[in-house]
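Please look over the sequence and the model below before reading on. The report then goes through the overall make-up and a few local details.

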Amino acid sequence: MKFAHFMTALATAQLASALPRGPSHRRRATGGVPSTNGVKFSINGATDYFAGSNAYWLGFQQEPADVDLVFDHLKESGLKVLRVWGFNDVNEKPGEGEAWFQLHADGTSKINTGADGLQRLDTVVASAEKHGIQLIIPFVNYWTDYGGMAAYAKAYGGSSSEDFYGNEKAQAAYKTYIKAVVSRYSNSSGIFAWELANEPRCKQCETSVLTGWITETSKYIKSLDSQHMVAIGDEGFGLKTQSDGSYPFSFDEGSDFEKNLAIETIDFGTFHLYPDSWGTDNEWGNLWIKAHGAACMAANKPCLFEEYGATSDQCNIEKPWQQTALKTEGLSGDLFWQYGDKLSSGESPDDQNTLYYGSEEYECLVTDHVKEIGAKSLGKRYPHVRHV
C-alpha cells in the first residue's frame with residue numbers, strides 16, 4: 001500500500017528512541033518454524049487458514065508499551081500473523097530521535113543498529129515472541145515511503161525505483177542489509193516469513209527483470225536462513241489464469257505471478273486488492289481472489305491474501321472478499337490493510353483503510369471473521385457433528 005500523505009506527520013509526532021534490546025534477545029524457535037503443507041500454512045503444529053493484518057508503522061514506535069498493547073489486542077482478537085516494515089531508508093540522517101534503519105549517501109550505506117534504528121524492530125520481534133504472533137518482514141519498499149528502492153538508486157546512480165534492480169552496487173548494499181536483519185532474527189520464534197519487498201514493480205520492463213531479481217534474492221535469503229519461508233510481497237499482477245483482460249491481470253508492471261510463484265526458493269504466493277486504485281470494481285475483487293487461488297493450486301503452494309482495503313463502507317465491501325477467500329482452494333490466510341489502535345501518542349496512522357481496534361468495522365471484519373474461520377476449521381475436523 002502506498003501512503004505518502006501522512007508519512008511526515010508520523011515521523012515528527014511518533015518516532016523517538018525505544019528501549020534498546022539488541023540481538024541478545026534471540027532464541028531458537030519453539031514448537032516448529034512456520035511452514036507450508038501443500039497449499040496450507042502450518043503454525044505451531046496447526047495446519048489451517050490464518051487471519052492477520054498489516055501495521056507497517058509498528059517498528060517505528062516511541063514506547064515499547066505501545067508495541068505490547070498492539071500485540072495484546074492482536075492476540076485477544078485471534079489474529080495470528082502481522083506484517084510490519086523491516087526497512088526505513090533515508091538519504092539524509094534525520095533529526096535526533098527520528099527512526100531510520102539505513103542511510104544511503106555518496107555511494108555508501110550505513111545500517112543503524114542503535115536505539116533509533118534496528119533496536120526499535122527488536123522491540124517488535126520480542127513482543128511478537130512473547131505474544132505468540134508471527135511476523136512477516138519485508139526488506140525494502142518499491143514506493144518512496146520510508147525511502148524505498150529510489151533511496152538506493154539515488155545513492156548509487158539513478159532516480160527511480162526501476163533503477164534499483166539492475167544496479168550492482170545498490171544490490172550489494174541491499175543484500176548486506178538483508179544479511180544484517182536475517183542474522184538478527186533468524187532464531188526468533190516470532191518470524192513467519194521474510195519478504196523481498198513491499199509491492200515490487202518494474203514498469204515498462206520485461207518480466208525477466210523481476211523474475212531474475214526474485215530468483216537471485218530469494219536464493220540468497222535461503223542461504224542465510226534455510227528454516228524460514230520466503231515470499232515476494234507483490235500485488236499479484238501478471239496472471240493468465242481466469243484473466244478478464246483488466247489492468248491487474250496484465251504484465252504492464254513487469255510481473256508474471258505464475259512464473260515467479262514457480263521459483264523454487266519462493267514458498268508461497270502473495271497478492272493484494274485495491275479496486276479503487278486499479279480501475280476495477282468491488283465485485284471484480286472476488287474474481288481476483290479466485291484466480292490466485294487457482295494459480296496456487298496449480299503450483300501446490302499456498303496463497304496469502306496479503307493486503308486488501310476500502311476507504312468507506314468497509315464491512316459491506318470487504319466481508320464478501322473474506323468469505324470468498326475462505327471458500328477458495330489454494331488460499332491459506334488473509335491480512336487486512338491495516339490495523340489501527342489508540343497509542344500513548346494518539347491514534348495510529350489512518351490512511352482511510354484503517355480498522356481501529358474496538359470499532360464496529362473491526363467487529364465485522366476481524367471478530368466475526370475469526371469466528372467464521374474457527375467454525376470452518378471445526379467443521380472440517382468434525383464433518384458429521386451438527387453445531388448449534
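## Basis of the model

This is a predicted model, in which local features need pLDDT of at least 70 and side-chain atom pairs count only at pLDDT 80 or more, while totals for chains, interfaces and linings use all residues. Residues are numbered from 1 along each chain as its sequence is written, and side-chain values use heavy atoms, with hydrogens and water left out.

## Overall make-up

The protein has 11 helices and 18 strands. These are DSSP runs numbered from the N terminus, with helices (H or I) of at least four residues and strands (E) of at least two.

Of its 388 residues, 59% count as buried; buried means under 20% relative accessible area, with a 1.4 Å probe and protein chains only. Among contacts (heavy atoms within 4.5 Å) with a separation of 6 or more, 74% are between residues 24 or more positions apart.

## Tyr339

Tyr339 lies in strand β15, which covers residues 339-340. With a relative accessible area of 0%, Tyr339 is buried. Leaving aside neighbours within four places in sequence, Tyr339 is in contact with residues including Ser53, Asn54, Trp57, Val70, His73 and Leu74. Trp57 is 282 residues away along the chain, yet its C-alpha atom and that of Tyr339 are separated by 9.9 Å.

The side chain of Tyr339 also makes a polar contact with the side chain of Asp341, at 2.4 Å. A polar contact is a pair of N or O atoms within 3.5 Å; within protein, one must be able to donate a hydrogen and the other to accept it, and residues adjacent in sequence count only if both atoms are side-chain atoms.

## Ser246

Ser246 sits in the loop between β11 (229-231) and α7 (257-261). Ser246 counts as buried because its relative accessibility is 16%. Its side chain makes a polar contact with the side chain of Asp244 (2.6 Å). Not counting residues up to four places away in sequence, Ser246 touches Thr280 and Trp284.

## Helices α9 and α10

Helix α9 (residues 284-299) packs against helix α10 (residues 314-327) at an angle of about 25 degrees, with the axes 9 Å apart. Axes are lines fitted to C-alpha atoms, for helices over the stretch in contact, and angles run from 0 to 180 degrees between N-to-C directions. The two helices are therefore roughly parallel, a term for angles under 35 degrees. Gly285, Asn286, Ile289 and Lys290 of α9 meet Pro320, Trp321, Thr324 and Ala325 of α10.

Technical notes:
Buried means under 20% relative accessible area, exposed over 50%, partly exposed in between (1.4 Å probe, protein chains only). Angles under 35 degrees count as roughly parallel, over 145 as roughly antiparallel, 65 to 115 as roughly perpendicular and the rest as oblique.
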